[in-house]
Amino acid sequence: MTQTTHPSHQRSCGWNAWLPERKVRPALSGRSEVDVVIIGAGYTGFAAATAWRQARPEDRIKILEADRVGEGSPGRNSGFMLEIALANDARPQELERMGKLNAVSRRTMALLRERVERLGIDCQLKHSGTYRAAKSAVGQRALKQYESFLEAAGLSYQTLNGDQLAERIGTNYYAQGIYSPDCYLVQPAALIVGLADSMDAGIELHENSPAIQIVPDGRRWRVITPEGEVVTGRVILANNAFSRAFGADPSRLTAIYTYAAITEPLAEPERQRIAAATWGLLPAHRLGCTLRTTADGRLMIRSRYSYEREADNARIENQLKASLEARYPELTPVRFDKVWGGTTGLTYNGAPLWGEIQPGLYVSAGCNGGGIVKGTFLGDALARHALGQPVEDIALLFGKASWMPPDPIRRFGFYLTSEVERRKAKHET
């Protein structure tokens with residue numbers, strides 16, 4: 001299968017559409033030479049650029065972004081910034097590793113929060129915590145497994161019955177839930193745009209500049225875009241699954257599309273009952289629905305998956321409406337303001353594809369849906385690794401991305417597994 005170099009979405013990103021107009025950085029043109037090129041203006045790419053700038057302030061740094069900042073995958077996520085790993089499948093013997101990973105996540109979140117406050121980024125960052133909820137027996141078993149992990153790890157949480165959960169999120173759809181305080185919510189497009197527009201002047205960003213080729217040039221690399229070319233000694237691939245087009249191992253990384261929709265601002269009675277506070281909910285079952293409210297009283301739902309290609313957004317919109325109306329029947333008919341798709345890089349075992357893949361060519365990919373905090377840490381660590389600085393043992397913390405069979409076996413396996421899991425947990429989707 002020919003690997004595409006960047007995503008192309010059917011619809012614009014709703015989060016980004018609500019932001020004020022900004023001055024888009026010029027596309028790369030002509031020929032230039034720099035010390036490092038970073039592909040992808042996301043959380044991983046900006047973290048790598050910041051770490052590089054701090055270590056080598058005299059170096060020339062370029063970031064190439066295929067789209068406008070905020071329109072790409074970093075702006076299309078749900079805005080959950082988790083301080084602990086999604087570890088409901090962790091075995092007891094993994095608790096020490098997870099403890100170290102959670103400590104890394106907390107430090108990274110603290111740095112992100114400090115950066116947002118220091119730079120005055122208006123991104124609605126809120127320490128809200130997060131809920132997990134389940135309706136069916138399958139979902140409740142998954143919830144119990146997660147509770148067992150939280151208990152064994154000594155992490156704070158509250159168990160909630162259906163009535164207690166309904167008081168907080170305005171629906172009695174779920175049978176039970178768990179509240180964890182270890183999460184922030186953010187307007188993701190506002191955060192990524194804020195990071196872009198407050199970057200150090202020594203970091204040069206080019207928007208609308210998709211890398212279409214990266215070719216060796218002696219001991220250096222030539223990065224080619226539609227209108228320009230830049231020669232560099234080192235390249236950092238921070239474009240997730242699309243790094244496969246430039247040398248990342250396609251047998252360990254695949255692209256998954258997920259879908260989100262946000263309502264119009266709720267009418268005042270519903271807003272007071274459902275969205276008076278900012279809250280977020282993650283599903284107990286992996287194919288379930290993510291829900292959250294926004295600062296202006298909207299309700300977001302994220303669900304459904306497709307393999308490698310974006311599904312028809314109109315069909316997905318109807319499915320998302322049905323899922324939201326099942327949870328909040330009083331909102332029927334649901335009126336969505338925005339619906340969009342976005343990509344995430346997936347590895348079979350959830351571990352990242354990370355490190356040097358050829359001399360001077362580095363990758364951090366496979367965020368598996370946990371992109372903001374984890375991506376920030378892995379981007380920072382990758383820059384330090386490329387500079388020869390001490391780095392945490394990434395494989396020990398996160399594991400190594402495992403092999404997946406090629407297509408069509410991989411595609412068939414994805415859809416077969418998804419269908420089986422969907423039927424088992426139909427009330428969670």
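Both Glu207 and Arg22 are buried, where buried stands for under 20% relative accessible area, exposed for over 50% and partly exposed for values in between (1.4 Å probe, protein chains only). The structure is a predicted model, in which local features need pLDDT of at least 70 and side-chain atom pairs count only at pLDDT 80 or more, whereas totals for chains, interfaces and linings use all residues. Residues are numbered from 1 along each chain as its sequence is written, and side-chain values use heavy atoms, with hydrogens and water left out.

Glu207 and Arg22 form a salt bridge in which the closest N and O atoms are 3.0 Å apart; the term denotes a side-chain nitrogen of Lys or Arg within 4 Å of a carboxyl oxygen of Asp or Glu. This pair links distant parts of the chain, with Glu207 in the loop between β8 (203-206) and β9 (213-217) and Arg22 in the loop between α1 (14-17) and β1 (30-39), 185 residues apart. Helices (H or I, at least four residues) and strands (E, at least two) are DSSP runs, numbered from the N terminus. A search of the whole structure finds 26 salt bridges. In general, side chains of opposite charge can pair when their charged atoms come close.

A further salt bridge joins Arg31 to Glu229, with 3.5 Å between the closest N and O atoms. Arg31 belongs to strand β1 and Glu229 to strand β11 (residues 228-237), so this pair ties together parts that are 198 residues apart in sequence. Arg31 is exposed, its relative accessible area being 52%, whereas Glu229 counts as buried at 19% relative accessibility. Both residues take part in a network of salt bridges that links Arg31, Glu33, Arg220, Arg222 and Glu229.

Asp35 forms a salt bridge with Arg60, and their closest N and O atoms are 3.3 Å apart. Because Asp35 lies in strand β1 and Arg60 in the loop between α2 (43-55) and β2 (61-64), the pair ties together parts that are 25 residues apart in sequence. Asp35 is partly exposed, with a relative accessible area of 23%, and Arg60 is partly exposed as well, with 43%.

Eight strands make up an open sheet with mixed pairing, in the order β5-β6-β4-β13-β14-β15-β12-β16. Two strands are taken to pair if DSSP finds at least two bridges between them. At the edges are β5 (158-161) and β16 (336-346), each of which pairs on one side only. From one strand to the next, the twist averages 25°; axes are lines fitted to C-alpha atoms, for helices over the stretch in contact, and angles run from 0 to 180 degrees between N-to-C directions. Strands β12 (residues 254-263) and β15 (residues 299-307) pair in the antiparallel sense over seven bridges. Ala261 has Ile301 of β15 as its bridge partner. Helix α4 (residues 137-153) packs on the sheet and touches β4 (130-134), β5 and β6 (176-180), its direction making about 30° with that of β6. Contact here means heavy atoms within 4.5 Å.

In strand β14 (residues 290-293) is Thr290, which counts as buried at 11% relative accessibility. Leaving aside neighbours within four places in sequence, Thr290 is in contact with Ser78, Phe80, Leu281, Leu282, Pro283, Met300, Ile301 and Arg302.

Helices α3 (residues 95-119) and α9 (residues 371-386) have axes that come within 9 Å and cross at roughly 95°. The two helices are therefore roughly perpendicular to each other; angles under 35 degrees count as roughly parallel, over 145 as roughly antiparallel, 65 to 115 as roughly perpendicular and the rest as oblique. Val104, Ser105, Thr108, Met109 and Leu112 of α3 meet Ile372, Val373, Thr376 and Phe377 of α9 in this contact. The contact residues divide into six nonpolar, three polar and no charged, where Ala, Val, Leu, Ile, Met, Phe, Trp, Tyr, Cys and Pro count as nonpolar, Asp, Glu, Lys and Arg as charged, and the others, Gly among them, as polar.

Val223, in strand β10 (residues 220-224), counts as buried at 0% relative accessibility. Not counting residues up to four places away in sequence, Val223 touches several residues, among them Val37, Ile39, Leu64, Glu229 and Val235. The C-alpha atoms of Val223 and Ile212 are separated by 7.8 Å, the two residues being eleven residues apart along the chain.
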